[in-house]
Amino acid sequence: MLRLAALVVLFAMAFAAWLWWDMRAWRPDPAMYPEQGALVPASGADVRFATLKAVGAQFVYLPLAAGASGTDAPGGFADRFARAQEAGLQVGVLLHFDPCAGADAQSGLFAQMVPRDPDLLPPAIGLDRLADTCAPKVSDAAVESELMTLINQIETHAGRSVILKLTPAFQERHSTATTLARDLWLARDRARPDYAGRPWLLWSANSALVTEASEEPVEWVVVQK
């Protein structure tokens, strides 16, 4: 029995190691998902956008963080935005929703940093943070109200509907996929996500793809046909 248990543990460890190694380079079959791209790291890690395109990305989403400015340093949002466009990638912007902050400040940052350009991809709003750590406390109803205000403000600026990048925790708390009729961006490594209860447009299929295009892993994203 001890030998059998040891073999089971050894097999499990070997499988976990293989899965970790395989996921470093795994991408969905392009025959099934011909449109593929990436969400680059939110840190200041260097991203070589021409290389990202060469390894198969057709589009890229850039995270927009609080504190970004139009004159930020190399590696910041404005610099990345310009270099991604120069590389010939389709470019979109992801703004992470902060439930502890008002919608006006967040949409103001988006309007300041993101030009009105019909060639940009639809803007995305990241819904991953819950209001549990907000001080003062923020009710779920207030979070949902501010989110709707933010959506309306960003859509007015961009001239098109937003995509909601929805996590399981946020969906469980707020039932966003049910209450808001917007395209969804879901995430689950390797397996097709189903936690929203309805079809999605974008799927983050590998949260940590290792590629020579970036100092840090990128999030590999595919489009539902």
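Keep in mind that the model is predicted.

Let's start with the covalent link. A disulfide is a covalent bond between the sulfur atoms of two cysteines. How many disulfides does the structure hold? One. The partners are cysteine 100 and cysteine 134, with an S to S distance of 1.9 Å. This pair links distant parts of the chain, 34 residues apart. Cysteine 100 sits in the loop between strand 3 (90-96) and helix 4 (103-113). Cysteine 134 sits in the loop between strand 4 (124-127) and helix 5 (140-158). On handedness, the link of cysteine 100 and cysteine 134 is left-handed, with -85° about the S-S bond.

Is cysteine 134 buried or exposed? Cysteine 134 has 7% relative accessibility, under the 20% cut-off, so it counts as buried. Cysteine 100 has 31% relative accessibility, so that end counts as partly exposed.

Now the charged pairs. Side chains of opposite charge can pair when their charged atoms come close. The count here comes to eight salt bridges. I'll walk through some of them.

Take arginine 48 and aspartate 46. Their side chains meet in a salt bridge, 3.1 Å from N to O. Arginine 48 is partly exposed at 34% relative accessibility. Aspartate 46 is partly exposed too, at 31%.

Next, a pair inside a helix. Aspartate 79 forms a salt bridge with arginine 83, and the closest N and O atoms are 3.0 Å apart. How are the two separated along helix 3? Helix 3 covers residues 77-86, and aspartate 79 and arginine 83 are four residues apart in it, so about one helical turn lies between them. Aspartate 79 has a relative accessible area of 23%, which makes it partly exposed. Arginine 83 also counts as partly exposed, at 23% relative accessibility.

Last, a pair from separate parts of the chain. The side chains of arginine 173 and aspartate 132 meet in a salt bridge, 2.9 Å from N to O. Why does this pair tie together parts that are 41 residues apart in sequence? Because arginine 173 lies in helix 6 (residues 168-174), while aspartate 132 lies in the loop between strand 4 and helix 5. There is a third member here. Salt bridges with shared partners join Asp132, Asp140 and Arg173 into one network. Arginine 173 itself is partly exposed, with a relative accessible area of 30%.

Technical notes
Residues are numbered from 1 along each chain as its sequence is written. This is a predicted model: local features need pLDDT of at least 70, side-chain atom pairs count only at pLDDT 80 or more; totals for chains, interfaces and linings use all residues. Side-chain values use heavy atoms; hydrogens and water are left out. A disulfide is a pair of cysteine sulfur atoms within 2.5 Å. Buried means under 20% relative accessible area, exposed over 50%, partly exposed in between (1.4 Å probe, protein chains only). A salt bridge is a side-chain nitrogen of Lys or Arg within 4 Å of a carboxyl oxygen of Asp or Glu.
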